[in-house]
Amino acid sequence: MRYNTLICLISFCFLLSCHVNKQEHKIQKTDRDFISIFDGKTLKNWKGDPGYWHVENGNLVGIVTPETLLKKNSFIIWQGGQPENFELKLEYRISEAGNSGVNYRSELLDTIPYALRGYQCDIDGKQRYTGQNYEEKKRTTLAYRGEKVLINPQNNPDSTGNLRANIKNNCWLIRDEIESLGAPHSLKAKIKNNDWNQVHLIINGNKLQHYINGTLMSEVTDADTINRSLKGYIGVQVHVGPPMKVEYRNIKLKLL
């Protein structure tokens with residue numbers, strides 16, 4: 001009986017080991033699908049105002065000082081393409097007074113240097129907005145943290161000032177919250193203050209998912225065929241406001 005038990009235990013350990021090895025192989029294979037788009041040494045393939053952006057200790061650093069306060073938000077923009085469907089992973093650390101964000105499927109503005117217009121995964125040092133979907137210089141807030149939202153087709157696209165007419169309190173009105181992803185305060189507790197956090201964006205078709213530290217913070221399904229964007233630039237931001245510092249590292253992209 002003891003001999004049979006020992007044989008069973010050895011067999012179980014062998015099968016468990018095989019399963020773990022397969023899982024590790026699967027994870028490693030998945031990781032290899034991502035390509036690094038920031039080398040940690042230079043600003044190669046990135047374009048931004050050198051008065052605000054530089055590389056320091058392997059990190060992409062955006063800094064605003066009392067002498068360089070902004071009048072307009074300023075981005076550093078990846079020059080490697082305008083992805084459509086993709087996953088983006090990165091880590092960030094931000095000062096308490098900081099305000100930043102990761103833009104994607106965005107367009108350049110000719111009237112403002114180093115400016116982007118489009119979807120943004122919001123980031124701020126006080127964790128008021130981190131993880132929400134904010135459309136920079138366009139429809140404003142599409143989904144607050146903790147919301148799964150359907151953006152409906154716009155019903156007055158030809159009216160004068162049509163965008164502003166559909167915005168109230170910095171939020172797009174033509175939307176339905178279809179599910180809660182959790183209480184905002186519970187989700188906020190998953191974000192680290194004054195430390196490194198991981199962003200994982202899964203952008204596929206008209207579904208836009210923002211994860212922070214492995215937790216889904218917001219999800220948008222954008223059915224507004226007039227205003228949505230299906231491809232565009234990736235960039236990160238320093239924001240108008242008090243002096244601040246934001247750092248980014250391990251920026252990796254996987255095309256879907």
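## K148 and its two partners

K148 counts as buried at 17% relative accessibility, where buried means under 20% relative accessible area, exposed over 50% and partly exposed in between, with a 1.4 Å probe and protein chains only. In this predicted model, local features need pLDDT of at least 70 and side-chain atom pairs count only at pLDDT 80 or more, while totals for chains, interfaces and linings use all residues. Residues are numbered from 1 along each chain as its sequence is written, and side-chain values use heavy atoms, with hydrogens and water left out.

K148 forms a salt bridge with E179, the closest N and O atoms being 3.3 Å apart; a salt bridge is a side-chain nitrogen of Lys or Arg within 4 Å of a carboxyl oxygen of Asp or Glu. Because K148 lies in strand 11 (residues 147-151) and E179 in strand 14 (residues 175-180), the pair ties together parts that are 31 residues apart in sequence; strands (E, at least two residues) are DSSP runs numbered from the N terminus. K148 also meets E219 in a salt bridge of 4.0 Å, N to O, which links strand 11 to strand 17 (residues 215-222) across 71 residues.

## Strand 6 and strand 19

E247 forms a salt bridge with R93 at 2.9 Å between the closest N and O atoms, and the pair, with E247 in strand 19 (residues 244-255) and R93 in strand 6, is 154 residues apart. E247 is buried at 9% relative accessibility, whereas R93 is partly exposed at 29%.

E91, which is also placed in strand 6 (residues 86-94), has a side-chain polar contact of 2.3 Å with N250, a polar contact being a pair of N or O atoms within 3.5 Å, where within protein one must be able to donate a hydrogen and the other to accept it, and residues adjacent in sequence count only if both atoms are side-chain atoms.

Technical notes:
Helices (H or I, at least four residues) and strands (E, at least two) are DSSP runs, numbered from the N terminus.
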